Amino acid sequence: GAQCKYVCGMDSRQSFSSWFRHELKRREWSQRDFARESKLATSTIGSWFRGEKLPDPASCETIADALHV
């Protein structure tokens, strides 16, 4: 959906990482909480959290669904 485009449309790892950290903090979720909600690997989530990688399109859908954005 539109939010997935926003999530994946970020042009840098740092932009996504900042947004992602903010979204988790806003919900008072740990990376582990997000892993449970999204059913994604904690190692993958950690790489996004640290700004090492950007999510692929399928992961963007999962992120949008898990965060209800």
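Biologist: Which exposed residues sit on the face of H3 turned away from its buried side?

Modeller: Arg32 and Arg36 are the ones on that face. Do keep in mind that this is a predicted model.

Biologist: Why does Arg32 count as exposed?

Modeller: The relative accessibility of Arg32 is 58%. The cut-off for exposed is over 50%, so Arg32 counts as exposed. Arg32 has its place in helix H3.

Biologist: And which residues of helix H3 are buried?

Modeller: H3 runs over residues 31–38, and Phe34, Ala35 and Ser38 are buried there.

Biologist: What happens at the start of H3?

Modeller: There, Ser30 has a side-chain oxygen within 3.2 Å of the backbone nitrogen of Arg32. The limit for a polar contact is 3.5 Å. Past the other end, H3 is followed by Lys39, with a positive phi near 65 degrees.

Biologist: Let me step back. How many helices and strands are there in the protein chain?

Modeller: Five helices and zero strands. Reading along the sequence gives the pattern α-α-α-α-α. Of the 69 residues in the protein chain, 36% count as buried.

Biologist: Which residues make up the largest nonpolar core?

Modeller: That core has 12 residues: Phe16, Trp19, Phe20, Leu24, Phe34, Ala35, Leu40, Ile45, Trp48, Ile63, Ala66 and Leu67. H2, H3, H4 and H5 each supply at least two of the residues in this core, and H2 gives the most, with four. As a general point, nonpolar side chains tend to be buried together in soluble globular proteins.

Biologist: What does Phe34 touch, not counting residues up to four places away in sequence?

Modeller: Quite a list! Among them are Phe20, Leu24 and Trp29, along with Ile45, Trp48 and Ile63.

Biologist: Now the rings. How many aromatic pairs does the count come to?

Modeller: Seven aromatic pairs.

Biologist: Why is the pair of Phe16 and Phe20 called stacked?

Modeller: You check two values. The ring centres of Phe16 and Phe20 are 5.5 Å apart, and their planes meet at 15 degrees. Pairing needs centres within 6.5 Å, and stacked needs planes under 30 degrees apart, so this pair is stacked. Phe16 and Phe20 are four residues apart in helix H2, which means they are separated by about one helical turn.

Biologist: What makes Phe16 buried?

Modeller: Phe16 has a relative accessible area of 0%, and buried means under 20%, so Phe16 is buried. Phe20 also comes out at 0%, and therefore is buried.

Biologist: Why is the pair of Phe20 and Phe34 called edge-to-face?

Modeller: Here the centres are 5.1 Å apart and the planes stand at 85 degrees. Edge-to-face asks for over 60, so the pair of Phe20 and Phe34 is edge-to-face. Phe20 lies in helix H2 and Phe34 in helix H3, so the pair ties together parts that are 14 residues apart in sequence.

Biologist: Which residues do ring pairs link into a cluster?

Modeller: The cluster holds Phe16, Trp19, Phe20, Trp29, Phe34, Trp48 and Phe49.

Biologist: Which residues of H4 are buried?

Modeller: Ile45, Gly46, Ser47 and Trp48. The cover over the buried residues of H4 includes H2, H3 and H5. Just after H4 comes Gly51, with a positive phi of about 75 degrees.

Notes:
Residues are numbered from 1 along each chain as its sequence is written. This is a predicted model: local features need pLDDT of at least 70, side-chain atom pairs count only at pLDDT 80 or more; totals for chains, interfaces and linings use all residues. Side-chain values use heavy atoms; hydrogens and water are left out. Buried means under 20% relative accessible area, exposed over 50%, partly exposed in between (1.4 Å probe, protein chains only). A polar contact is a pair of N or O atoms within 3.5 Å; within protein, one must be able to donate a hydrogen and the other to accept it, and residues adjacent in sequence count only if both atoms are side-chain atoms. A nonpolar core is a set of buried Ala, Val, Leu, Ile, Met, Phe, Trp, Tyr and Cys residues joined through side-chain atoms within 4.5 Å. Contact means heavy atoms within 4.5 Å. Rings of Phe, Tyr and Trp (its six-membered ring) pair if their centres lie within 6.5 Å; planes under 30 degrees apart count as stacked, over 60 as edge-to-face and the rest as tilted.
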